[in-house]
Amino acid sequence: MKISSKIFQEEQQKTPYLDALIAYAEGKIVPFHVPGHKQGRGIHPKLKEWIGESYLSLDLTEVPGLDNLSQPKEVLREAMNLAAKAYGADYSYFLVNGSSSGVHSMIMAACNPGDKILVPRNAHKSAFAGLIFSGAVPVYMKPEFDFSLQMDHTITAETLAENLEQHPDSKAVLLVSPTYYGVAADLQKLVQMIHDSGKIALVDEAWGPHFHFHPKLPISAVDAEADLVVNSTHKLLSSLTQTSLLHLKGNRIDRARVESCLRLFTTTSPNCLLLASIDACRMQMATQGETLLGKAISLAETTRAEIRQLSGVQCIGREIVGNPGAADLDPTRVVISLRSLGLTGYEVDDLLRTVGRVQIELSDLFHVVALITISDSEKEVDQLVKGIKQILKMPPQKSKGLLEKKEAKLPDWPPLKLSPREAFVSRHETIPFEKASGKISTELITTYPPGIPAIAPGEEFTKDILDYLWLEQEAGSRITGVADSTLQTVRVVKL
Ligand SMILES: Cc1ncc(COP(=O)(O)O)c(C=O)c1O
């Protein structure tokens, strides 16, 4: 049904789950059930004062009338059906354990232990966790590397074709599109190729929950006919933190298996307020999405144009579209680099916060990424531009000079020696970081965000990776996934 049709619009005005939750709270039924704060009565006043009584009265989990996330049959089923219609999927599932749980479920639903799956190496850490849980054996595909930006984009049709040819026994293909930086793959072509070779197409579209709702945005993975798709509604739309959607389309994947996997990775006490926020967010997108997103897009375009006029500042725009691995670009992502002034992304991040009083989403060695969403107005983006101008006026000695080091580039991906699950469950030894070259990691070491592992379980430490991790440490990035976050030691497979 078309988004513009009258019946669609009338139906999508409904918010069955949000309405049921409000009705329950208004009913003032005396609770002898969880949560223990009993709709706010027992919560410490310091917290209550901040978050308010009405919020707390909605902090419920699965009482009669509010359905059951693990086996939805009533209002939640109705709300999920509306989401599926809004996104053009056959089934949509509400997630309260983040997009991570959706990625885990997709991989586990598609693969049994030992099954081969093609995975872009610049996938989010949740994909590597999915490989450990499922026991699937990855074939890592090399994303296109943009040397001038020092940034990985997506997988090209050529890379996919090569991998499909070399691994005809693979069961599924995971694609990540768009990247954290908003760069999108040629999804229609890639999904068609995956289906033509008889495999299942899984798409981690955590960063594209809005694509379906505006013609100026890249094609959505559901519209490109992918079998399973994850969308982080909490990242770029208006639902509450931790909430996401998993969409299913077609019949290449067993729906009951998907639902079983979701149950494995989901709390048995889902927060009803989180669920209601997905319902409200879906309604907002289906009924006003194009208008709201249109404003966000033009705000981002104006901001980008303004930033690009500043001397010494690089801000990615549509000129990269058409480069390998960059089939399209989400205009609402503003990716900025002050590299030419010798500043790392981490330094720019700090300066923007301390001097400009703005907090950006992501920083890496070279860039910072600002998200412009339906919630922003000129006031906020002006502050961002002002912040950059303030940095430009500062004396140059603010930089630590790290970008002049020869290791200041992204390293080659390390070689895979064992499957992630094999390495994760194998006996390990803890050794000094500088002695790790040639050893196989049992850990997933990543800077967060973006959460793409520099090394994953089963991969071999190389000098390149060690130099890079050392540089990241020096640059002050947040290293996660390791037993020793100071990186003085690492855990490796004991052979
Ligand atoms: C590409 C990608 N997939 C999945 C996730 C996981 O999302 P969540 O934090 O909602 O679990 C992220 C998080 O940043 C991501 O960047």
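The following legends describe close-up views of a predicted model.

Local features in this predicted model need pLDDT of at least 70 and side-chain atom pairs count only at pLDDT 80 or more, whereas totals for chains, interfaces and linings use all residues. Residues are numbered from 1 along each chain as its sequence is written, and side-chain values use heavy atoms, with hydrogens and water left out.

**Figure 1**
A pocket is an open set of points on a 1 Å grid over the protein atoms alone, with protein on both sides within 12 Å along at least five of seven lines, and its lining residues have an atom within 4 Å of a point. Grid points are joined across faces, edges and corners, and the volume is the space filled by probe spheres set on the points. The lining of the largest pocket comprises 49 residues, and Asn122, Ala123, Tyr181, Pro450 and Ile452 lie nearest the centre. Two or more lining residues come from each of α6 (98–110), β5 (151–152), α10 (233–236), β18 (453–455) and α16 (463–475). Helices (H or I, at least four residues) and strands (E, at least two) are DSSP runs, numbered from the N terminus. The most is given by α16, with five residues. By residue class, the lining of this pocket holds 26 nonpolar, 13 polar and 10 charged residues. Here Ala, Val, Leu, Ile, Met, Phe, Trp, Tyr, Cys and Pro count as nonpolar, Asp, Glu, Lys and Arg as charged, and the others, Gly among them, as polar.

**Figure 1. The largest cavity.**
The structure holds one cavity of 30 Å³ or more. A cavity is a set of grid points where a 1.4 Å probe fits but cannot get out. The volume of the largest cavity is about 40 Å³. Its lining is formed by His210, Leu236, Leu293, Ala296, Thr332, Ile372, Thr373 and Ile374. Five of the lining residues of the largest cavity are nonpolar and three are polar, with no charged residue.

Strand β13 (residues 333–337) is largely enclosed by the rest of the structure, because five of its five residues are buried. Buried means under 20% relative accessible area, exposed over 50%, and partly exposed in between (1.4 Å probe, protein chains only). Arg333, Val335 and Ser337 cover one side of β13 and Val334 and Ile336 the other, and all are buried. Strand β11 (residues 314–315) runs antiparallel to β13 and is joined to it by two bridges. Gln314 has Ser337 of β13 as its bridge partner. Strand β15 (residues 368–371) is also antiparallel to β13, with four bridges between the two; here Ile336 stands opposite Val368. Two strands pair if DSSP finds at least two bridges between them.

Lys249 lies in the loop between β10 (244–248) and α11 (255–264). Lys249 counts as buried because its relative accessibility is 15%. Apart from neighbours within four places in sequence, Lys249 is in contact (heavy atoms within 4.5 Å) with Gly88, Asp90, Val222, Glu225, Ala226 and Asp227. The C-alpha atoms of Lys249 and Ala226 are 6.7 Å apart, although the two residues are separated by 23 residues in sequence. The side chain of Lys249 also reaches the backbone oxygen of Gly88, at 3.4 Å.

**Figure 2. Asp328 in strand β12.**
Asp328 belongs to strand β12 (residues 328–329). The side chains of Asp328 and Arg318 make a polar contact at 3.1 Å. A polar contact is a pair of N or O atoms within 3.5 Å; within protein, one must be able to donate a hydrogen and the other to accept it, and residues adjacent in sequence count only if both atoms are side-chain atoms. Beyond its neighbours within four places in sequence, Asp328 is in contact with Gly182, Val183, Ala184, Pro218, Arg318 and Val321.

**Figure 3. Backbone geometry in two loops.**
Most residues other than glycine have a negative phi, and most peptide bonds are trans. A cis peptide bond, with omega about 0 degrees, joins Val34 and Pro35, and Pro35 is found in the loop between α2 (16–26) and α3 (45–51). Lys28 lies in the loop between α2 and α3 and has a positive phi, near 50 degrees. Lys28 is exposed, with a relative accessible area of 70%. Lys38 also lies in the loop between α2 and α3, and its phi is positive, about 50 degrees. Lys38 counts as partly exposed, at 21% relative accessibility.
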